[in-house]
Amino acid sequence: KAVKSTVEGAAARVAEKLADLERPEVPGTPGSGTPKVAEPTKPVEPLPPKPDQAGPERRTATGAPTDAPAEAVSGQGRFLTTSQGARLRDSDHSLKAGRRGPTLLQDHHLREKITHFDHERIPERVVHARGAGAHGTFIGYGNARSVTKAGFLAKNAETPVFVRFSTVLGSRGSADTVRDTRGFATKFYTDEGTFDLVGNNIPVFFIQDGIKFPDVIHAGKPHPDREIPQAQSAHDTFWDFVSLHTEAQHHTIWNMSDRGIPRSYRTMEGFGVHTFRCVNAAGETSLVKFHWKPVLGVHSLTWEEAQLLAGTDPDFHRRDLADALEAGAFPQWELGVQVFPDTLEETFDDIDLLDPTKLVPEELAPVQPIGLLTLTHNPTNYFAETEQVAFHVGNLVPGIDVTNDPLLQARLFSYVDTQLTRLGGPNFSQIPINRPHAPVNDMLRDGFHQSAVHGGIAPYQPNSLDGGCPFFAGGAKDGAFVDVPAHVAESVKTREAPASYDDHYSQVRQFWLSMTPPEKEHIVAAYTFELAKCFEQAIKERQLLALANIDPDLCAQVAAGLGLPAPEPTVPLIDLAPSPALSQIGGTWPTDGRIVGILVDPDGDLSGLDAVRTAVSAAGMVPLVVAPYGGKLADGTTVQRTFAATRSVEFDAVLVAGSPAPGADALVVRDSKVGDDENAVLDPRVVLLLQECFRHAKAIGAWGAGVDALELAGVADAPGVLIGDDPATVFTELHTALGAHRVWERFGTVLG
Ligand code: HDD
């Protein structure tokens with residue numbers, strides 16, 4: 001009875017409320033001829049945009065409220081909540097029928113937590129899965145006006161950018177230092193729309209037509225039966241492909257050169273690869289190739305370093321970039337262009353500009369700098385930014401257009417298409433990292449993950465309801481992207497390539513002939529390593545034939561390493577003039593962010609250590625004190641690396657501090673029974689470290705009794721081994737040597 005009266009009471013209260021409500025007039029009554037629901041008769045303004053969902057208040061790690069930007073605080077809000085904002089008292093125990101269970105299906109919090117976790121992963125990129133990103137700024141020099149009207153290249157125009165560097169073949173969790181091409185993709189958030197320059201650190205590509213992209217990638221990826229090897233080209237299917245498709249030989253020799261194993265993302269060149277068609281304000285067109293030139297110079301690892309690093313620090317490149325940004329050693333690249341007249345033939349000096357397996361040597365067409373890129377910030381969240389960023393070669397701005405390069409044409413399709421699977425639908429440009437900074441007023445609607453709340457009722461153009469908006473821009477004067485009216489050769493449909501695409505060797509030979517002796521030595525070693533990893537004899541022999549067509553001497557050296565006969569060339573060798581710009585050796589470069597290891601004997605003479613550490617830091621480099629065990633040295637210096645936890649490959653150069661004191665048994669181990677200098681032996685980990693640094697042609701310095709260590713390791717007397725009594729002088733010489741990246745003359749004398 002009590003229940004009944006409560007229900008009745010509630011019903012009465014509802015009826016009362018309803019009676020109070022103002023009801024809209026019902027227009028007309030049935031049969032009166034007036035429709036019941038009014039049709040809209042005049043255009044309505046779009047609904048006002050909804051304010052962004054407010055995030056919880058920000059708190060510091062200790063729970064105190066803060067105004068710090070979101071990326072600077074570890075947590076948000078004081079209390080842990082569900083995804084719906086309900087505060088949680090416990091997220092460690094599931095809801096059970098008694099302490100010993102079973103777990104109840106009604107545990108909505110358990111289900112939310114596990115369900116979300118179960119769906120945290122998205123498919124990794126089908127290529128370039130492993131990458132590292134950074135934010136920065138691009139400043140135009142203004143000198144590209146005669147070539148392109150692109151606004152972001154105007155003098156002193158500042159444009160925010162996001163760059164993602166990557167390897168190509170490896171999975172998302174693979175190692176950074178594998179031998180591979182590196183991606184160098186830049187998103188310019190310009191006022192005229194987003195421009196993406198989706199390039200590589202190698203100026204040519206494996207194939208001439210995008211229809212073969214799945215083939216070359218299937219060949220390079222792990223074998224489908226055992227899913228090995230990971231992140232490698234050293235296997236049968238890769239070499240099967242490139243020896244059968246000899247157009248791939250040019251890209252392949254770049255991979256086998258030191259370019260395939262960069263020292264750092266900061267020391268890589270970047271290339272747009274394709275030729276683009278640019279247009280200036282007067283409507284004149286030019287053909288253009290884009291280049292990124294690193295201010296720090298182009299430097300590489302040695303193959304042994306790369307292999308060791310893949311084990312000791314698989315994140316070597318990612319860490320190097322993040323550490324440099326955090327330390328304020330902001331990496332910079334100049335954007336440069338090679339400019340060619342836009343002729344009907346689309347060639348320059350007989351080089352087909354639409355063939356992506358060909359480059360134009362810088363000696364023939366200099367790279368002219370047109371702007372400066374500076375990377376300044378690490379991403380706040382890897383997944384949100386580096387993983388979800390979506391590049392597209394079709395993201396173009398007025399002033400930059402595509403050409404008919406068949407590789408580029410296929411890419412224009414692939415990059416949007418791939419995001420539909422990878423990012424789960426067509427609205428990926430609404431993800432914060434992908435949002436243009438130019439105002440967007442499109443008529444794309446709905447779809448998975450639609451997060452915009454579009455107003456209005458007329459998402460079509462033209463319309464007469466939403467005020468007729470939006471309107472078409474009246475051509476170039478309104479800043480519209482106008483496709484360049486490029487000539488299209490009248491022709492018949494055909495699945496064929498131009499005749500010039502048949503030259504697969506002349507520029508590969510030119511690359512080989514442009515290398516210095518140590519670079520050639522590295523290339524021979526790389527081919528020998530990779531082919532030795534192949535099992536099929538026929539593949540090795542076919543690739544040797546390709547090498548013979550590049551250069552008989554190269555072929556002979558690799559064949560000798562494989563224990564196979566060197567075949568004769570099957571095509572005439574064409575000698576193009578060498579291009580010294582292709583070599584990485586020569587010149588001196590800034591050493592910002594380089595790592596200098598300082599080996600210290602805790603029982604030794606520590607005088608000079610502090611001054612050297614300060615000098616290394618003052619030179620913009622990172623000093624790392626290495627000792628047999630951790631903790632603090634007698635002078636208070638913190639040991640940053642122990643012999644057990646480091647390997648030579650972590651350092652660009654090493655110093656051995658003045659030590660050891662007589663009788664010390666750390667860095668230099670003396671024979672305890674005899675206790676004299678003649679029986680001194682060096683800690684084997686230090687021997688290994690010094691000998692590796694020596695083999696990798698790194699600058700090595702020592703002062704005072706530290707020289708003993710070099711002598712005991714057998715590396716005391718050679719170019720780039722800098723010995724003296726004064727630590728400051730030794731460091732200055734070491735710094736100068738590091739400016740050349742390596743002590744090049746040491747290669748050839750030892751196995752590098
Ligand atoms: Fe590509 C990713 C560079 C040819 C299809 N490519 C991708 C990335 C870079 C390049 C740097 C990674 C972007 C990122 O960091 O998210 N790709 C190149 C260069 C090429 C090239 C320099 C030749 C000059 N690519 C190429 C062809 C096709 C693709 C011919 C297909 C026909 N590339 C893709 C892709 C990817 C991609 C499948 C994978 C993930 C993505 O796009 O977003 O669409």
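The centres of domain 1 and domain 2, taken over C-alpha atoms, sit 39 Å apart in this predicted model. Domain 1 is built from two stretches, 131-210 and 261-434, while domain 2 runs over 595-746; these bounds come from an automatic or database domain assignment. Where the two touch, nine residues come from domain 1 and five residues from domain 2, with contact meaning that two C-beta atoms, placed from the backbone, lie within 7 Å. The domain 1 side of that contact splits into three nonpolar, four polar and two charged residues. Here Ala, Val, Leu, Ile, Met, Phe, Trp, Tyr, Cys and Pro count as nonpolar, Asp, Glu, Lys and Arg as charged, and the others, Gly among them, as polar.

A word on conventions: residues are numbered from 1 along each chain as its sequence is written. Since the model is predicted, local features need pLDDT of at least 70 and side-chain atom pairs count only at pLDDT 80 or more, while totals for chains, interfaces and linings use all residues.

Overall, the protein has 17 helices and 22 strands, taken as DSSP runs (H or I, at least four residues, for helices; E, at least two, for strands) and numbered from the N terminus. Of its 752 residues, 39% are buried. Buried means 20 or more other C-beta atoms within 10 Å of a residue's own, exposed means 12 or fewer, and partly exposed is in between, with C-beta atoms placed from the backbone. Among contacts with a separation of 6 or more, 70% join residues 24 or more positions apart.

Now for the ligand. Its shell holds 27 residues, the closest being Arg-125, His-128, Arg-164, Gly-183 and Val-273; a residue is near if its C-beta atom, placed from the backbone, lies within 6 Å. Elements giving two or more residues to this shell are β4 (158-167), β5 (182-190), β6 (193-200) and α9 (406-422), and α9 gives the most, with six. By class, the shell has 14 nonpolar, ten polar and three charged residues.

The largest nonpolar core has 111 residues, and those touching the most other members are Ile-253, Val-288, Val-337, Tyr-527, Leu-547, Ile-550 and Val-558. Such a core is a set of buried Ala, Val, Leu, Ile, Met, Phe, Trp, Tyr and Cys residues joined through C-beta atoms within 7 Å. Helix α12 (537-550) gives the most to this core, with six residues. Leaving out residues up to four places away in sequence, Leu-547 touches Tyr-527, Leu-554, Cys-555 and Val-558. A second, separate core of 40 residues includes Val-600, Val-626, Ala-627 and Cys-693.

Helix α5 (249-256) is mostly covered, with eight of its eight residues buried; among them are His-250, Ile-253 and Trp-254. Its cover includes α4, α10 (506-513), α11 (517-532) and α12. In helix α3 (213-220), the buried residues are Val-216, Ala-219 and Gly-220. Seen down the α3 axis, they fall within an arc of 95°, so they line one face of the helix; the arc is that of the directions from the helix axis to the C-beta atoms. These buried residues pack against α4 (236-244), whereas Pro-214 and His-218 are exposed on the other side of α3.

Finally, Val-367 lies in the loop between β12 (351-352) and β13 (368-377). Val-367 is buried because 20 other C-beta atoms lie within 10 Å. Apart from neighbours within four places in sequence, Val-367 contacts His-291, Lys-293, Gly-336, Val-337, Gln-338 and Glu-362.
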